[in-house]
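Subject: Structure handover and notes

Hi there,

Here is the structure I promised to pass on. Please have a look at it in your viewer, and my notes on what turned up follow below.

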Amino acid sequence: MAAWQDAEPGAPGRHPEPVGAGEAGAEQPDPPLRSDPGRGPLGRSGLRLVPVQARTTERATLPGEVWPGSWQPLGARFHIGPDGRPGTNFALWAAGAEAVELCLFDDDGQETRYPLAEQDFQTWHGHLPGVLPGQRYGYRVHGRWDPWTGARWNPAKLLLDPYARAVDGTFTLHDAVYGHVRGWPEQDVADTVRDNRDSARYVPKAVVVHDEDDWSDDRRPKTPWADTVLYELHVKGFTQRLPGVPERLRGSYAGLAHPAAIRHLTRLGVTAVELLPVHQFADEEHLQRRGLRNYWGYNSIAFFAPHGGYSASGTRGQQVTEFKQMVRALHAAGIEVILDVVYNHTAEGGEGGPTLSLRGIDNAGYYRLQPHNRRAYADYSGCGNTLDTTQPQVLRLVTDSLRYWVNEMGVDGFRFDLAAALARSPFEVSMLAPFLSAVSQDPVLSRVKLIAEPWDIGLGGYQVGNFPPLWTEWNDRYRDTVRDFWRGAMPDVRELGDRLAGSSDLYRRGGRRPYASVNFVTAHDGFTLRDLVSYNGKHNEANGEDNRDGSNDNHAWNCGAEGETDSAAVNALRRRQLRNLAATLLLSTGVPMLVAGDELGRTQGGNNNGYCQDNPAGWVDWSLLDEPHWRSLFELTARLIRLRREHPVLRQRAFFNGRPVHPGGLRDLAWFSARGHEMTEADWYAPGATLGMFLSGKEMSERDPMGRELSDDSFLLILHAHHRAIRFTLPGAPWADSYETVLDTALEDQAAAPGGRHPAGAAVAVPGRSLLLLRACAGTAAPG
């Protein structure tokens with residue numbers, strides 16, 4: 001205990017002594033460090049590198065000195081130096097630091113340190129001749145240790161470059177990775193005691209990358225928003241068991257680029273893949289202790305680096321090339337690439353978390369700290385910290401990262417995790433926040449697809465419908481409404497009508513369009529589609545948290561039995577509900593989003609929070625395609641997407657007006673009760689579970705690229721969620737003379753549905769819990 005003595009441990013202004021090398025029980029750095037010969041004191045700190053015995057086998061390419069270099073661009077940039085020789089310029093923004101050391105690592109893990117003596121505009125920089133692509137590196141940053149004021153500099157901790165283009169290695173659970181003494185006896189102040197043990201052997205290293213690619217051979221699909229069908233997938237989960245993908249490529253970017261993967265996407269008909277996070281991420285301590293991993297990847301630590309774990313070719317820069325090849329292959333198939341990005345927090349967590357990058361570079365400069373307690377973090381993410389995008393350098397980091405992925409990695413857009421946290425200025429959410437303003441005027445970012453998850457966990461964080469033009473949003477009100485309707489939990493059909501027609505109540509303001517609403521019934525977070533109709537409650541025991549994690553508010557219905565069952569009646573009802581949910585999603589106005597595997601009936605066994613299930617429970621089970629019931633679900637989903645693509649009336653670019661577009665014409669949208677009459681105000685408020693929606697293809701306000709008015713078929717969509725069958729009277733003149741059945745979810749085999757004709761005014765049978773899509777026709781037809 002002698003090494004931990006202090007008069008008043010934890011008191012503000014009086015801090016316990018640091019623990020580290022040279023003290024009782026402390027771990028010595030390994031391997032030994034070498035200093036750069038001829039260098040003196042490091043800045044204002046007065047610290048000096050102490051030369052130690054170097055190994056006899058050195059890399060001849062390591063430079064002997066650091067040239068001034070340039071303060072921009074940030075990061076490590078390989079280029080031709082002022083002497084005509086290749087080398088790398090290193091630049092790190094660290095505003096409050098007293099000194100910065102660049103640390104190069106050879107293949108044996110031996111470290112050589114170089115002081116960066118030049119500083120311009122709070123950026124430390126230097127050019128090292130002879131440093132080539134593939135070189136591993138990191139930083140050590142010197143400065144004050146005073147957590148009570150937010151200062152957490154600790155040069156014993158090797159730090160990732162925030163602008164690293166590639167990362168080699170992983171975060172290994174060890175106390176030396178933490179900037180503070182985790183074993184301090186007084187745990188309430190443990191984060192204020194500095195740990196001086198070296199972390200280099202336990203943390204990943206940045207890699208110098210040579211990035212010369214003009215993308216001149218690539219053709220971006222540039223799919224209009226209204227024509228977009230999103231498909232959310234996990235790079236590993238989608239490819240890990242996919243037949244046709246070679247074993248060595250499964251779980252990788254190359255696996256997703258393989259013809260077998262692209263064949264499924266094109267047969268299904270989706271226009272864009274939305275990839276769960278592919279920024280380099282780390283596994284949380286609590287998962288490592290339970291032998292689990294962060295499978296989803298919402299724990300980023302390097303915003304420019306493709307996650308090395310998804311690379312089949314290597315992690316010394318090869319992951320960058322492999323990712324680009326994947327993007328090119330998807331583009332060639334007409335499929336856009338959207339990245340799910342996590343800029344609201346990092347893997348460093350709260351004050352008790354590891355020191356991996358930003359915390360050790362400039363803690364108060366990167367993170368939102370509590371205004372009256374700078375030792376603690378403002379946490380709007382639920383993950384311990386929140387990036388402070390009101391700070392110019394943080395805003396630059398995020399926007400530089402976004403532009404990099406567009407310009408140099410070829411991606412087509414982004415879905416922003418907990419986007420409301422990025423829009424806080426400085427505390428409340430504001431649609432005039434610096435981040436939103438910066439994106440809206442950026443010549444690159446304003447031209448790509450931008451999707452907000454429009455909430456965070458802070459006060460006032462729920463912002464569905466409030467993001468400005470250019471942004472689309474995950475519409476959870478659509479999700480909950482559709483789930484509740486089909487499980488029979490809606491008192492009436494008012495909200496269902498709003499959601500089917502593009503949610504104009506949420507998105508009409510500010511000049512936004514129906515495609516501002518990303519409609520979804522399921523997402524990675526929550527039940528799969530099959531589990532949504534198979535479980536009433538979550539079953540997350542495999543996560544090791546006693547089933548406490550995951551949402552308890554699932555709007556789910558198990559159709560009469562919890563989990564898998566041998567009941568033919570229950571299973572038939574579940575499959576019908578799946579058809580109802582899929583059809584509702586793909587026939588609604590807005591941008592539909594599917595989740596990989598839902599079209600096959602994928603199950604997670606009732607786990608609604610599979611973030612740590614990197615195993616068959618979290619991977620797509622492609623053997624389901626061999627079962628007729630699930631094969632038919634895939635075929636139905638593909639047919640619905642094809643219908644949507646073929647009929648612009650099903651993917652409107654403008655909100656419905658509920659009145660004729662042309663004098664004497666029909667209204668562009670009309671609502672009908674089961675009696676065949678247009679809905680009255682009283683009908684909307686009356687208890688009911690049946691709704692008819694008439695979409696007039698002759699009354700569209702759409703024009704083609706040549707300015708000509710578009711015309712399409714008209715459709716009647718009937719949704720009936722009650723368990724008893726009804727008779728629905730088909731609207732007569734002027735709406736149609738007859739109707740042709742296009743889709744009937746009561747049928748297992750959809751090939752039997754098309755072709756049936758019904759005269760206007762006929763009362764057609766609608767089975768309980770089913771959906772009918774009928775095409776309006778001119779001319780009479782015999783009763784069908």
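Two strands are said to pair when DSSP finds at least two bridges between them. Please keep in mind that this is a predicted model.

Let me start with a sheet. Strand 3 and strand 4 (residues 86-93) pair in the antiparallel sense, with six bridges between them. Within that pairing, I80 sits opposite P86 of strand 4. Both strands belong to an open sheet of four strands, whose order is 3-4-8-7 and whose pairing is antiparallel. Its edges are strand 3 (75-80) and strand 7 (118-120), each of which pairs on one side only. From one strand to the next, the twist averages 30°.

Next comes strand 5, which has two pairings. Strand 5 and strand 9 (residues 136-142) run antiparallel over seven bridges, and V100 has V141 of strand 9 as its bridge partner. With strand 6, the antiparallel pairing of strand 5 covers five bridges, and here C103 stands opposite R113.

How many of the residues of strand 5 are buried? Seven of its seven residues are, so to speak, under cover: the strand is mostly covered. In a regular strand, side chains alternate between the two faces of the sheet. For strand 5, both faces are covered: A99, E101, C103 and F105 are buried on one side, and V100, L102 and L104 on the other.

D106 is found between strand 5 (99-105) and strand 6 (111-115). Is D106 buried or exposed? Its relative accessibility is 6%, and because buried means under 20%, D106 counts as buried. The side chain of D106 has a polar atom 2.9 Å from the backbone nitrogen of D108, and it also reaches the backbone nitrogen of Q110 at 2.8 Å. The hairpin of strand 5 and strand 6 has five residues between the strands, and in it G109 takes a positive phi near 90°.

Now to helix 10 (residues 476-486). Ten of its eleven residues are buried, so the helix is largely enclosed by the rest of the structure. Among the buried ones are D476, R479, D480, R483 and D484, along with Y478, F485 and W486. At the N-terminal end, N475 caps the helix, with a side-chain oxygen 3.1 Å from the backbone nitrogen of R477. Just after helix 10, G488 takes a positive phi of about 75°.

Finally, the cavities, which may be of interest to you. The structure holds ten of 30 Å³ or more.

- Strand 15 (230-233) and helix 1 (235-239) each supply at least two lining residues. By type, the lining divides into eight nonpolar, six polar and two charged residues.

Best wishes

Terms used
Residues are numbered from 1 along each chain as its sequence is written. This is a predicted model: local features need pLDDT of at least 70, side-chain atom pairs count only at pLDDT 80 or more; totals for chains, interfaces and linings use all residues. Side-chain values use heavy atoms; hydrogens and water are left out. On a 1 Å grid over the protein atoms alone, a cavity is a set of points where a 1.4 Å probe fits but cannot get out, and a pocket is an open set with protein on both sides within 12 Å along at least five of seven lines; lining residues have an atom within 4 Å of a point. Grid points are joined across faces, edges and corners, and a volume is the space filled by probe spheres set on the points. Ala, Val, Leu, Ile, Met, Phe, Trp, Tyr, Cys and Pro count as nonpolar, Asp, Glu, Lys and Arg as charged, and the others, Gly among them, as polar. Buried means under 20% relative accessible area, exposed over 50%, partly exposed in between (1.4 Å probe, protein chains only). A polar contact is a pair of N or O atoms within 3.5 Å; within protein, one must be able to donate a hydrogen and the other to accept it, and residues adjacent in sequence count only if both atoms are side-chain atoms. Axes are lines fitted to C-alpha atoms, for helices over the stretch in contact, and angles run from 0 to 180 degrees between N-to-C directions.
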